[in-house]
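Hello,

My notes on it follow.

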Amino acid sequence: MTEKRERPGDLLQGTLDLLILKALANGAMHGYGVAEWIHDSSQDVLRVEEGALYPALHRLELRGLLSSEWGTSDNNRRAKFYALTKTGRKQLDQETEYWRRMSGAVARILQTA
Amino acid sequence: MRGRFKAFLSRLKALVGRKKLDHDLQDEVAFHLDMREEKNRAAGIADEEARYAARRQFGNLTVAKEGTREMLRFLWIETLLQDLRYGFRMLRKNPGITLIAVITLGLGIGASTTVFSLVDAILLKPLPYPEPGRIVVPSLVSPPGINLGSPYFPWGQVQFRMFTREQTVFQYFGAFQSDSFNLTGVGDPIRLDGSRASADFFPALGISAALGRTYSAEEDRPGYEHEVVLSDTLWRQRFGADPGILGRALQLNGTSYTVIGVMPPNFAFPRAEEMPVFLNFPREAQLWVPAAIPDAPPGGPSEMAVIARVKPGVSLNQVQAQMDLIARHAEQKLPDWKGWMNTRQVPLATQVTGDTRGPLLLVLGAVGVVLLIACSNVANLLLARALARKREFTLRAALGSGRSRLIRQLLTESLLLALAGGAVGVSLAEAGICFAKTFGPANLPRLHEVRMDVSVLCFVSAASLLAGIFFGLFPALAATRENLVESLKEGGQRSAGNSSSPRIQNSLLVSQVALALVLVISAGLLAKTFFHLINADSGFNPQRALTFELSLPPLQYTDQPHIVTLYRNVLDKLNKVPGVQSAGIGETVPLSGQGESTIIRLPDRPAASRKELPYANYTIVSPGYLSAVGTSVIRGRDFLESDILSSLPVTIINLSMAKKFWPNQDPLGKQVGVGSTQYALTTIVGIVADAKHVSLREDPIPEMYVPYTQHVWPSMLTMHVALRTNGDPANVTASVRDAIRSIDPALPLAKLATLSTLVDDSMVTPRFSVLLLASFAALALVLACIGMYGVISYSVSQRTQEIGIRMALGAHRRDVFAMILAHGARLAGLGVAIGLLAAVAATRVMAGLLYGVRPIDAPTFIVVAVFLMVVALVACYVPARRATRVDPMVALRDE
């Protein structure tokens, strides 16, 4: 077993999970769609590393927050669609609330400086 | 909970459908790349460039896939499978080492499993009776000064009745005694060994009949006892397992008995090896008849044992307290019995185990030592290989394998080896158990229960796993300890051995030598014991002597003249059989069992008190008996045909009796008699050698012989016949049978055997233990030799460069040879020194098993130590020779 080493994506993991859940809040999407949505919604600030995206999707699925299904994309191609499960939606609400409190707190600290 | 279950399912699916998973992942990523490429193209980027850009954006494809895969699997199973595959490959790659390791382990595990199966059946497993903890054997404690080779003596009917009446602590309280029965009317007459047992005997053990029933208390009364219960073996062998046997009448000793039950298979209590020797129980009881002990028994000697089941909730202490109270009570009523009523409650399990615990644990310890040596040997073997693989480990460490991962890999390999060794061990143990059951001493209790069962298999698995971890951990730790940077700098050069690994190797080797020394010394002591026993003065001559037993049915032979006439006829006929030199009868023959002991009266030496009453074995024999068994007359004379009732009552005593009661005096002409004054005193006319009764090991006890023609008690229904022949005793057996048949066709010949067979039989236990220990010692020795050879070979190969330099600088081959031998000698010497110290401690435990040898026997210690040193040096010889053949040029160029 390798020694515990911080992986590049680890730092962002919690954030990435939240963003993925948010992306799927409005309906099922495939991986590419999720990446594009995050990119677009952040007004091109955030670019999701795909190398981290797919492991994250599968991890969330494994945790029961997402469900997946093979379907057909807009351009008629076979694609895997992810959707929020009930637990996933609950998790999204909690995470969002938590994020708001955290970012608010961090922002206040930064202002005082 | 449900989420976790789902995750588990996905993982399981992933484990099984690995291909499908990879495929899906591939599809998903491909789709992503295509979409990205399309977008890039739409943005006006050229075809080729669009694809590359998409890939670039995606990042490391493999990492993404691996990341996903890792998550979806039982990582540890995957790793384990990988380790296993790798381990198998490594083991296959070195078939030599693998084979040696597996065989070494197999021998160690096989031997220890065999011994464990014995220990398990004899010491650990509960007895095959319901609630065995409640079964006890109340035993009468011998008064001080009376020794029957046991602290206990048999129950009499009077005592049994008294305790039966007054005790309230036992649920069942049954008596039983050995008896033999001549079965007539079913084929040839045959002697059956059985037991007269009271009705409580069966419920005390908690066993009821498999077919029919056992007898009731009403059927266990004098005059009503006409039932017989058969053993399963007897029922199958003699009656073809006839289910209609119940109700059939059998002629036993001329009396008719009705079969009312057949016991379950394997029930043969009391077996000889499970009960005190002096009660002379047969190897297996074949039938049981009611003891029919009268309510008011008429005193007199009896050879009974008691078995009882304690009431639920009553403790052994409470039982003991009440039994003591009854004894005090009885002594008040019958002052004559003072000192003869004390009992000790021996749990049946303790009684059955007897004194086998010590020897068994000794053998278990010995075999554990062998296993230890085997393990440390394999450890050294793997250590050498692991060190040779150091480059591989360094490389793997550099590629990101952590130390624990490498250790796990090495341990997986060791466990694979251990399991293979365990498998070999199981088959060896299977053979070993078979061997032990066939050649094991007959007096080993519960030997028939030994088998390969769940607990034995558990032992094998545990032993294999522990062994694997034990011998795998040393090499794994040693081989992975190296600093990564150091090893890389060395560039894979073999180091000249400053690291800690040779230290581990050396200490393993030293302990091997030490352990082997302890085992060889123990075996040496036992072997010496064995030869002392063989050469011990047995007091008889086992060559060309035939013995058998005659049992007269009591109904036909009711009075003494009748019995004496029969024996006289028998002796006359036998003396006329061609090839017979002399014939005699006696109550016992040497090594056929304990004789009857009695209190004696010495008119010239009045006993001070009842506690110091003199006693001696009292053996009835005929003229010719002493010469037939080969017991030499030291002084005086043998019995003569002229010693009859009307002539002077005479006796012959053995040397021990002469020494004990007439030290510094001539016993010839002195008078001695049995305890009761109603019988006349006899005059000593001869002194003979001490003949041994039970084993060659026993200390002789005083014994007096009386001629059967002058004997006064009618207790000669069972007598042994001894014949000294001119040639091979086997040649006369047929004519001897004919001679007996011509006198009484209903008389069976029982226990027909030569005296030398009896000697062999009595030597089974010492022979077995010496064989066992000797083979373990030999095994340990061989393993230690292999270990020595391996370590020295390895060190020579490590020091090739050094040796090359030495030789280049002018060292002679002789010097190199001496240097390597000295290295081996140092290690062996240290091992021998430690082993000698350990042996001093270990052999003290064996003191009880030795005969004619003290535990710390200097000659044995010295000879074995020297022997081990020589063997160790011989093991070093080949590698030392190899060292002298090192070519300095080649050695130096190599590096």
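How are α23(B) and α26(B) oriented to each other, roughly parallel or roughly perpendicular? This is a predicted model, and the answer comes from the fitted axes. Helix α23 covers residues 764–798 of chain B and helix α26 covers residues 858–884 of chain B; their axes come within 8 Å and cross at roughly 25°. Angles under 35 degrees count as roughly parallel, so α23(B) and α26(B) are roughly parallel to each other. The crossing of these two helices is right-handed.

On the α23(B) side, the residues that meet α26(B) are B:L781, B:C785, B:M788, B:Y789, B:I792, B:S793 and B:V796. They face B:V871, B:A872, B:A875, B:C876, B:V878, B:P879, B:R882 and B:A883 in α26(B). Sorted by class, this contact has 13 nonpolar residues, 1 polar residue and 1 charged residue.

Helix α9 of chain B spans residues 232–239, and B:L234, B:W235 and B:R238 are buried in it. Viewed down the axis of α9(B), the buried residues fall within an arc of 100°, so they line one face of the helix. The cover over them includes four strands of chain B: β4 (190–197), β6 (227–230), β8 (255–262) and β9 (287–290). After α9(B) comes B:G240, which has a positive phi, near 55°.

One residue elsewhere in chain B may be of use as a check on your own neighbour counts. B:A327 is found in helix α10 of chain B, residues 316–333. A residue is buried if 20 or more other C-beta atoms lie within 10 Å of its own; B:A327 has 23 C-beta neighbours inside 10 Å and therefore counts as buried. Leaving aside neighbours within four places in sequence, B:A327 is in contact with B:M341, B:N342 and B:T343. B:K338 is 11 residues from B:A327 along the chain, and their C-alpha atoms are separated by 8.8 Å.

Finally, chain A. Chain A has 113 residues, and buried residues make up 30% of them. There are 4 helices and 3 strands in chain A, and along the sequence they follow the pattern α-β-α-α-β-β-α. Taking the contacts in chain A between residues at least 6 apart in sequence, 45% join residues at least 24 apart.

Regards

How values were computed. Residues numbered from 1 in each chain as written. Chains lettered and ligands numbered in written order. Predicted model: local features only at pLDDT ≥ 70, side-chain atom pairs only at ≥ 80, totals over all residues. Buried ≥ 20, exposed ≤ 12 C-beta atoms within 10 Å, placed from the backbone. Arc of directions from axis to C-beta. Contact = placed C-beta atoms within 7 Å. Axes fitted to C-alpha atoms, helices over the stretch in contact; angles between N-to-C directions. Parallel < 35°, antiparallel > 145°, perpendicular 65-115°, else oblique. Left-handed = near helix turned anticlockwise from the far one by under 90°. Nonpolar A, V, L, I, M, F, W, Y, C, P; charged D, E, K, R; others polar.
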